[in-house]
Amino acid sequence: MQVPAPFDYAKATSVDHALALLAEHGPEARVVAGGHSLIPMMKLRLARPDALIDINGLTDLAYLRTDGDSLAVGALTRHVDVLTSPLVAEHFAVLVEAERVIADPIVRNWGTVGGSLCQADPAEDLPAALVALGATVVIRNREGSRTVPVRELHVGPYETVVEAGELLTEVRIPIRPGGSSAYEKVERRAGDWGAAAAAAALWLTSGVAGYSIDDVGLGLTAVGAEHYIVPEAEEFLRGKLATEENFAAAGEIAARTCNPAADQRGPVDYKRHLAKELTVRALRRAAGRARVEEA
Ligand SMILES: Cc1cc2nc3c(=O)[nH]c(=O)nc-3n(C[C@H](O)[C@H](O)[C@H](O)COP(=O)(O)OP(=O)(O)OC[C@H]3O[C@@H](n4cnc5c(N)ncnc54)[C@H](O)[C@@H]3O)c2cc1C
């Protein structure tokens, strides 16, 4: 039987209390939210925290609400609440589609947005969707708080800029008029981690020559895209027409610039092919949605 190494446990009653507990227990203490990623890693002894600071009592970190021109999502919001939120459905199809393919109901009922982002698994679905939407996160420590773009949150596999003693408290997603988005994932079987996935968000303007791309956000999952982003493909698309040819060229750039590793979900060539194909499909569906909304 796999059992974790011994650890202390403390339950936080507020964000300030959680920060105080993290300080008290030192740099080897870890926050536990849903525990779906951390507990299995502890059982395998891939993580050996001295102490777990349980934040499940911080219900004031579980919310989805509009705040000015953003959607604010508390770090303790469960996947299922994002998936079923009318606010998310109204503005961010890419997020609904990404949530729908995260694992199974058991994981989605308890796993959290903050945990998904802080786990920084290269195959995690939320980071790609959130970089495409230009989201930021709020990170709290005992001195105050800072805001970091999700594009700068992940510094490597299982590594983020959230430091020991800090808590990610909120995700903020800008609500920009005229946007449309989509998420495409290939998984070996329902509920599996992706072999690859792509997120696309588009802001289009219609003109005599067709729809032109005012702005675009792209994200890639499980194919070794640094920070889950593909800035060269975004740069290529900005100002161009939303055509199949341009989407195909962007897909080629995505495939060329990502850096997949072979694993049980497929060899490198297959994953590069998926990076291209899924980028094209996500762009195509996002553009289709924009046209339907305008009609
Ligand atoms: C069987 C299975 C299948 C899965 N399939 C998928 C999938 O297909 N796609 C996908 O995207 N994910 C998948 N997941 C992962 C899952 O969605 C998330 O990794 C998980 O929900 C992480 O959230 P959590 O709340 O459980 O985090 P936890 O396990 O509690 O924590 C994960 C890490 O984040 C840290 N942390 C948590 N919250 C905070 C915070 N607020 N501030 C600072 N640090 C924090 C913890 O200290 C820990 O290091 C799967 C998980 C399982 C068990």
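User: Okay, is Arg 140 buried, exposed or something in between, and what's its relative accessible area?
Analyst: In between. Arg 140 has a relative accessible area of 26%, so it counts as partly exposed. Keep in mind that this is a predicted model.

User: Which residue does Arg 140 form a salt bridge with?
Analyst: With Asp 16. The closest N and O atoms of Arg 140 and Asp 16 are 2.8 Å apart.

User: And where do those two sit?
Analyst: Arg 140 is in strand β6 and Asp 16 is in helix α1, so the pair ties together parts that are 124 residues apart in sequence.

User: Is Asp 16 buried or exposed?
Analyst: Exposed, because its relative accessibility is 53% and the cut-off for exposed is over 50%. Asp 16 sits with Glu 24 on the face of α1 turned away from the helix's buried side.

User: So which residues of α1 are buried?
Analyst: In α1, which covers residues 15-25, the buried ones are Val 15, Ala 18, Leu 19, Leu 21 and Leu 22. They span an arc of only 160° around the axis, so they're on the same side of α1.

User: What do they pack against?
Analyst: The buried residues of α1 pack against β1, β2, β3, β6 and β10.

User: What comes after α1?
Analyst: Gly 26, which has a positive phi, near 85°.

User: New topic. How many residues are in the largest nonpolar core?
Analyst: The largest nonpolar core has 37 residues, and Leu 95, Leu 117 and Val 171 are among those with the most contacts inside it. Helix α8 gives the largest share, 6 residues.

User: Where does that core lie relative to the domains?
Analyst: Between domain 2 (59-174) and domain 3 (179-294), because both give residues to it.

User: What does Val 171 touch?
Analyst: Leaving out residues up to four places away in sequence, its contacts include Leu 71, Val 113, Leu 117, Leu 130 and Val 137.

User: What about a second core, which residues does it include?
Analyst: There's a separate one of 32 residues, and Leu 202, Ala 242, Phe 247 and Leu 278 are included in it.

User: Back to domains 2 and 3. How many residues are in contact there?
Analyst: 21 residues of domain 2 are in contact with 26 residues of domain 3. The two domains bury about 1900 Å² between them, with 57% of that on carbon and sulfur atoms.

User: What does Glu 97 pair up with?
Analyst: Its side chain meets that of Arg 289 in a salt bridge, at 2.6 Å from N to O.

User: And which residues are linked with Arg 151 in a network?
Analyst: Arg 176, Asp 215, Glu 234, Glu 235 and Arg 238 are linked with Arg 151 in a network of salt bridges.

User: Last one: where is Val 208, and is it buried or exposed?
Analyst: Val 208 is in the loop between β12 and β13. At 95% relative accessibility, Val 208 counts as exposed.

Technical notes
Residues numbered from 1 in each chain as written. Predicted model: local features only at pLDDT ≥ 70, side-chain atom pairs only at ≥ 80, totals over all residues. Heavy atoms only, no water. Core = buried A, V, L, I, M, F, W, Y, C linked by side-chain atoms within 4.5 Å. Buried < 20%, exposed > 50% of the residue type's maximum accessible area, 1.4 Å probe, protein only. Helix = DSSP H or I, 4+ residues; strand = E, 2+ residues; numbered from the N terminus. Domains from an automatic or database assignment. Contact = heavy atoms within 4.5 Å. Arc of directions from axis to C-beta. Buried area = accessible area lost by both parts, 1.4 Å probe. Salt bridge = Lys/Arg side-chain N within 4 Å of Asp/Glu carboxyl O.
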